[in-house]
Amino acid sequence: MDAATSAGVGGAFAVIITVNILEGGNPMSMLLLPPMLLVFGATLLVSVAGGTVADAKSSVVALKRAFLGSVPQAGDVVPTVVSLADKARREGLLALEDATRDLDDPFLVKGVTLAIDGNDPDEVREILESEVIAKRKVDKQAAKLFADAGAYAPTIGIVGTVMGLVHVLENLDKPETLGHSIAAAFLATLWGVLSANVMWLPIAAKLKRLSELEAGRMELVIEGVAAIQAGSNPRVVQHKLVALLPADQQPAEAA
């Protein structure tokens, strides 16, 4: 599990609460139901309105993934691919059929299986690249709902503040309630800006980053399968794949 999002969002809220206390405020005064209901409820609903029901369902799954999901480093697949390349070079592609049963990467298994079946290398690459493109589209749509929420929330917060100020103006004859009413009105703006920048936009960014990492790993697999199918020397395969890794994942001697 990658705890970056949980730590970041939780830490940001902790800092905000701490600053509020240091300034003499009461954090509980921020937990007012009407402005929170307006901002969170309306923001989520209008965000869902911009897509389909299927998009909303996939975003719910993506939300869990943003906080609890992680992606194995692309470099982890290099030794496996090199081992397969060595076996294929010594014993032939058909010898990899048994080896695929021990692999825990479905995309790598699919690529190697397509190669074993004798498909044209260009066709294998096209099939695998199409799967990467399809995955990027799905991930992009899952992140879009949260990016939209980050865009809508501040404006909805302003709507809530305007509504609250209208209520204040309707009750100018009750000066004893004005302070509370004005504070409640501005809480809507607070929650709109706060939720956008501390929750929705970071979640969208995390989902996009996870998608990039997964797509990068898949692209590495594609190059590995192509090298296996071409019968490349395992050492050459290793150097080629390592060269495609981000600098922080390359072995010290290769970086």
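Val 225 touches Leu 108, Gly 111, Val 112, Ala 115, Val 124 and Leu 128, leaving aside residues up to four places away in sequence. Contact here means heavy atoms within 4.5 Å. The model is predicted: local features need pLDDT of at least 70, side-chain atom pairs count only at pLDDT 80 or more, and totals for chains, interfaces and linings use all residues. Residues are numbered from 1 along each chain as its sequence is written, and side-chain values use heavy atoms, with hydrogens and water left out.

Val 225, Leu 84 and Leu 108 are the residues with the most contacts inside the largest nonpolar core, which has 32 residues. A nonpolar core is a set of buried Ala, Val, Leu, Ile, Met, Phe, Trp, Tyr and Cys residues joined through side-chain atoms within 4.5 Å. Buried means under 20% relative accessible area, exposed means over 50%, and partly exposed lies in between (1.4 Å probe, protein chains only). At least two residues of this core come from each of helix 4 (78–91), helix 5 (96–99), helix 6 (106–116), helix 7 (121–170), helix 8 (175–230) and helix 9 (234–244). Helix 8 supplies the largest share, eight residues. In soluble globular proteins, nonpolar side chains tend to be buried together.

The protein has nine helices and zero strands. Helices (H or I, at least four residues) and strands (E, at least two) are DSSP runs, numbered from the N terminus. The order of elements from the N terminus is α-α-α-α-α-α-α-α-α. The radius of gyration is 26 Å, well over the 18 Å that the globule rule gives for 255 residues, so the protein is more spread out than a compact globule. This radius is taken over C-alpha atoms, and the globule rule is 2.2 Å times the number of residues to the power 0.38. Along the principal axes, the C-alpha atoms fill a box of roughly 90 × 40 × 25 Å.

Buried residues make up 38% of the 255 residues. The protein exposes about 14200 Å², of which carbon and sulfur atoms supply 63%. Accessible areas come from the Shrake-Rupley method with a 1.4 Å probe; for residues, only the protein chains shown count as cover. Among contacts between residues at least 6 apart in sequence, 78% join residues at least 24 apart.

The average pLDDT of the protein is 89, and 98% of the residues score at least 70. pLDDT is the predictor's confidence in each residue, from 0 to 100.

Helix 6 has Phe 107, Leu 108, Gly 111, Val 112, Leu 114, Ala 115 and Ile 116 buried. The buried residues of helix 6 pack against helix 4, helix 5, helix 7 and helix 8. At the start of helix 6, a side-chain oxygen of Asp 105 reaches to within 3.0 Å of the backbone nitrogen of Phe 107. Just after helix 6, Gly 118 takes a positive phi of about 85°.

Leu 93 lies in the loop between helix 4 and helix 5. Leu 93 counts as partly exposed because its relative accessibility is 24%. Leu 93 touches Ala 88, Ala 115, Ile 116, Ile 228 and Gln 229, not counting residues up to four places away in sequence. Leu 93 and Ala 115 are 22 residues apart in sequence, with 7.4 Å between their C-alpha atoms.

Two serines of helix 8 were examined, Ser 195 and Ser 181. Ser 195 is buried, with a relative accessible area of 0%. The side chain of Ser 195 reaches the backbone oxygen of Trp 191 at 2.7 Å. Such a polar contact is a pair of N or O atoms within 3.5 Å; within protein, one must be able to donate a hydrogen and the other to accept it, and residues adjacent in sequence count only if both atoms are side-chain atoms. Ser 195 also touches Val 39, Phe 40, Ala 153 and Trp 200, not counting residues up to four places away in sequence. Ser 181 is buried, at a relative accessible area of 15%. Ser 181 touches His 167 and Val 168, with residues up to four places away in sequence not counted.
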